[in-house]
Structures are given as structure tokens and as C-alpha cells.
Amino acid sequence: TADPQCSTVLVSSINGVGPTQNDRLEGFRITGGVGTFRDFANPIPDFVVGGGVFIFGASSPTITSNEIVGNHLGHPDALIWYGGGIYVHSTRPNEPGTGFDPAAPVITNNLIESNTNNPPGGSSSSKATYAIGGGMYVGYHSHPVIDGNTFRSNFAGDSAAANQIAAGGAIAIYSLSDLSDYPRITRTIITGNNGTDLGGGIAVGPRDPGSGFIPSDALIESNVIEYNGAGEGGGVQINTSLARIRNNPVFDNGSTYGGGISVGTTEIAPGDPTITNNIIAFNAAGTAGGGLYVYQSTPVVTYNDLFGNTPDNVGGDLADVDVIGVDGNVGVDPMFRDVNRPTLDLRLQAGSPVIDAGENTTVETTDADGEPRIVDGDGDTIATVDLGAYEFAAVFDGDGIPDPMDPDDDNDGVDD
């Protein structure tokens with residue numbers, strides 16, 4: 001008899017040997033999963049994980065061109081619920097006899113939509129339930145590549161539930177910084193997700209304090225993070241992490257604190273993120289930090305545009321004057337092509353003040369469209385990265401061919 005309590009797809013290693021990136025799950029509609037129940041002996045609480053796809057151990061498959069939609073975690077005995085759509089985790093490599101290599105799947109060009117992670121409220125504050133990752137959970141011992149996907153309308157938690165803690169409406173990341181590599185979220189659309197307490201789009205946090213803090217790590221670059229909501233960190237919420245947040249437009253997200261990005265308490269040093277080359281614009285917070293909210297932490301914040309956020313651009317332990325006009329940060333209208341919801345386009349118009357306004361040191365060589373980056377976008381002959389996910393393709397010679405693709409970009413009849 002089939003077991004109705006399971007993930008739709010399970011991928012795991014056996015004796016430390018599992019699928020590689022040559023093994024593909026491609027072209028499927030993965031739906032209707034309720035997760036795999038993991039029954040632990042006391043005092044470890046029981047889990048239910050991976051509504052749609054469960055990836056565990058030394059497993060590194062390629063998950064591509066699928067629809068992972070409408071999976072809904074559920075189990076009456078589980079207190080901790082991880083990954084409504086996808087769960088990725090492994091055991092620690094240095095645990096003798098049980099440790100596997102980290103899980104390192106490639107997850108690309110998928111639609112991850114309308115997955116839910118919503119346990120009933122706990123019996124008391126000391127018996128709270130946890131909803132971690134509505135669309136996806138990235139566990140301690142994993143470093144997936146998450147590229148070119150769309151995470152849309154995934155949910156973690158319910159504001160009406162008592163004694164429930166929820167984080168990461170689209171993605172929750174807890175990958176430890178002492179691994180050999182780190183998760184990469186790139187060229188991904190993260191839109192319309194909700195994480196009731198922390199991180200409507202993405203939540204990034206450390207190892208559970210009961211085991212001693214180790215910061216997490218991640219690269220979050222060239223994504224569009226829009227229309228997400230949470231109690232704290234509508235777009236992104238981070239605490240005790242070395243995460244690098246680079247070249248993302250963080251647009252029209254909402255929360256009580258940190259409408260765009262919230263950076264919370266750093267429990268152990270080094271454990272602060274770096275926030276560079278982003279456009280954090282038109283987000284809203286009910287209390288403070290419409291664009292960026294910082295408390296009990298010291299993130300590195302350089303070369304960002306913070307504009308049009310309400311009730312302020314920066315709140316918490318910092319204010320607008322501490323950030324805007326300092327370390328390359330500006331507060332100017334980025335001049336997106338279109339900010340209306342049905343036709344939203346967060347590419348830059350010609351003449352945008354955030355063209356060639358970034359910092360080149362750690363930038364990838366292509367943008368969210370796969371076009372060349374870094375290029376000269378303002379005609380001063382100096383190639384400097386633009387802010388946001390999309391590099392502006394200038395046409396200075398008027399021939400209609402964007403200069404980065406034009407073999408004769410000065411139109412003198414001779415290839416450059």
C-alpha cells in the first residue's frame with residue numbers, strides 16, 4: 001500500500017554515495033506532496049520535510065525545468081516543518097561513521113509556486129511549532145546552486161497561529177560558513193511570497209543556538225526580490241550570517257521592520273553580511289526601516305541606492321544620514337523602466353543615475369539576463385558595474401546594436 005505521508009520525489013545517498021549533477025530530474029510537474037516524516041528519539045522534536053522534493057545526504061542531482069507547485073507540508077506529530085516545496089540537507093562531514101559530503105544539487109529554471117508550510121500553533125511558547133521555508137529549505141550541510149528559477153506565492157506560517165515561528169516565505173538558508181562552499185541564489189525571481197515572522201522572500205540564519213552558534217553563508221546576487229511580506233525583513237531577513245547580498249533590486253516589499261532588508265542580531269563574530277550594489281526602493285515598513293533595518297549588528301553596506309522607502313530609508317540602530325552619502329551609497333530615483341505591477345520592468349532607463357554607480361571588485365561577469373557585465377554605460381570610457389540585477393546596454397554610436405555586443409561600437413567602419 002502506498003504511504004500517503006511522503007514527499008512527491010525523494011533523492012538520497014546510500015552509504016555516502018548519491019546522485020551527481022549528471023543525474024537529472026527534468027520536465028515534471030511535482031505537486032500534492034505532504035512531506036517526509038522524520039521520527040527522532042527524545043529530546044529531538046519530530047520533523048516533516050520536503051513537500052515536493054526531498055534531497056538528503058551526499059546527493060547533488062540537477063533539478064531543472066520542473067513545476068514544483070501546490071505541495072503542502074503536514075503531519076500531526078511534527079513540531080518542526082522544513083521546506084514546503086524543496087528540502088536540501090546532509091549530515092555533517094566530520095561526524096565519524098555517519099557524516100556525508102554536503103548536498104550540492106543544481107536547481108535551475110524551475111517554477112516553485114504556491115507551496116505552503118503552515119503547522120498548527122504549538123501548545124505553549126516552550127512547545128512552539130516552526131515553519132521554515134515555504135518554497136525551499138537549505139540545511140546546515142548543503143550548498144545548492146539555485147539559478148534562474150521563479151519562486152512565487154509560497155507561504156511559511158500564519159499570523160493567526162499562536163506559538164508558531166515562521167521564516168523564509170520563498171527560501172530559508174541555514175548553510176554553515178565552515179563548509180567548503182556556500183549556496184548561490186542567482187538570476188531568480190522571488191515574488192509574492194510571505195514568511196509570517198522573518199524573511200518574506202529569503203531568510204538567512206545560523207545554526208541552532210542549542211548546538212552553539214556557527215554563522216551561515218550564502219551568495220544572493222542578480223535576483224529580483226519584489227512584492228514579498230513578513231513581520232521583519234519583507235524582502236530579506238538576515239542574522240548571524242556572512243551572506244553577500246549583491247546587485248539585486250529589492251522592490252515594493254513590506255513588513256513591520258525592514259520592508260526591504262532587515263539585518264538582526266549578530267550572535268558571534270565574524271557574522272555580519274555584506275550588502276553591495278543593490279537598489280532598495282519603494283519598500284514599506286509599518287514601524288521603521290522601510291528600505292533597511294539594522295539592529296545589534298554591523299553589516300557592510302556599500303554602493304547601494306536606497307530610495308522612496310517609507311517611513312524612512314534606513315531605521316533601527318542606523319538612520320538615513322548614517323548610510324546615504326557614505327561608502328558609495330546614494331538615495332536617488334533609479335529610473336526603472338516601469339514600476340507598474342502588471343508591466344513591471346526593473347531594468348534601467350537611459351540616464352539613470354545608478355548606471356556605472358557600483359563597485360566592481362566581486363561582481364559576476366554576466367547580469368540577470370545573461371548579458372555582459374561590467375560595461376561602460378555612461379560613456380565616460382570607464383567600465384563600472386550598474387546597481388541592480390540588469391546591466392544597462394548603451395548604444396553610443398546610434399546603430400541600434402548594444403555596445404557590449406557591437407564589434408564596431410564607435411561606428412568608424414573598423415572592428416574594435
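**View 1. Thr-240 in the loop between β28 and β29.** In this predicted model, Thr-240 sits in the loop that joins β28 to β29 (244-246), where strands are DSSP runs of E with at least two residues, and helices are runs of H or I with at least four, numbered from the N terminus. The model is predicted, and therefore local features need pLDDT of at least 70 and side-chain atom pairs count only at pLDDT 80 or more, whereas totals for chains, interfaces and linings use all residues. Residues are numbered from 1 along each chain as its sequence is written, and side-chain values use heavy atoms, with hydrogens and water left out. Thr-240 counts as buried at 1% relative accessibility, given that buried means under 20% relative accessible area, exposed over 50% and partly exposed in between, with a 1.4 Å probe and protein chains only. A polar atom of the Thr-240 side chain lies 3.1 Å from the backbone oxygen of Thr-265, and the side chain of Thr-240 also reaches the backbone nitrogen of Glu-267 at 2.9 Å; a polar contact is a pair of N or O atoms within 3.5 Å, of which, within protein, one must be able to donate a hydrogen and the other to accept it, residues adjacent in sequence counting only if both atoms are side-chain atoms. Apart from neighbours within four places in sequence, the residues in contact with Thr-240 (heavy atoms within 4.5 Å) include Gly-205, Pro-206, Pro-215, Ser-216 and Gly-271.

**View 2. Pro-206 in the loop between β24 and β25.** Pro-206 belongs to the loop between β24 (202-204) and β25 (219-221), and with a relative accessible area of 10% Pro-206 is buried. Although Pro-206 and Leu-176 are 30 residues apart along the chain, their C-alpha atoms are separated by 7.0 Å. Residues up to four places away in sequence not being counted, Pro-206 touches Tyr-140, Tyr-174, Phe-213, Ile-214, Pro-215, Ser-216, Asn-239 and Thr-240.

**View 3. The open sheet of ten strands.** The strands follow the order β1-β6-β10-β15-β20-β24-β28-β32-β36-β39, with parallel pairing, two strands being paired if DSSP finds at least two bridges between them. At the edges stand β1 (9-12) and β39 (314-316), each of which has a single partner strand, so one side of each is left without a neighbour in the sheet. Direction ignored, neighbouring strands of this sheet are turned by 10 degrees against each other on average, the axes being lines fitted to C-alpha atoms (for helices over the stretch in contact) and angles running from 0 to 180 degrees between N-to-C directions. Within the sheet, β28 (residues 236-238) and β32 (residues 261-263) pair in the parallel sense over three bridges, and Gln-237 has Ser-262 in β32 as its bridge partner.

**View 4. Parallel pairing of β9, β14 and β19.** Strand β9 (residues 80-82) pairs with strand β14 (residues 129-132) in the parallel sense over three bridges, with Ile-80 standing opposite Tyr-130 in β14. Strand β14 is in turn joined by four bridges to strand β19 (residues 164-167), again running parallel, and here Ala-131 has Ala-166 in β19 as its bridge partner.

**View 5. Aromatic pairs, including Phe-54 with Tyr-87.** The model holds 13 aromatic pairs, counted where the ring centres of Phe, Tyr and Trp (its six-membered ring) lie within 6.5 Å, with planes under 30 degrees apart taken as stacked, over 60 as edge-to-face and the rest as tilted. Phe-54 and Tyr-87 form a stacked pair, 5.5 Å centre to centre with 15 degrees between the planes. Phe-54 lies in β6 (residues 53-56) and Tyr-87 in β10 (residues 86-89), so the pair ties together parts that are 33 residues apart in sequence. Phe-54 is buried at a relative accessible area of 7%, and Tyr-87 is buried at 1%. Tyr-227 and Phe-251 form an edge-to-face pair, 6.0 Å centre to centre with 65 degrees between the planes, and both residues are buried.

**View 6. Met-136 in the largest nonpolar core.** This core has 42 residues, and Met-136 is among those that touch the most other members; a nonpolar core is a set of buried Ala, Val, Leu, Ile, Met, Phe, Trp, Tyr and Cys residues joined through side-chain atoms within 4.5 Å. With residues up to four places away in sequence set aside, Met-136 touches, among others, Ile-86, Val-88, Ile-107, Phe-151 and Ile-171.
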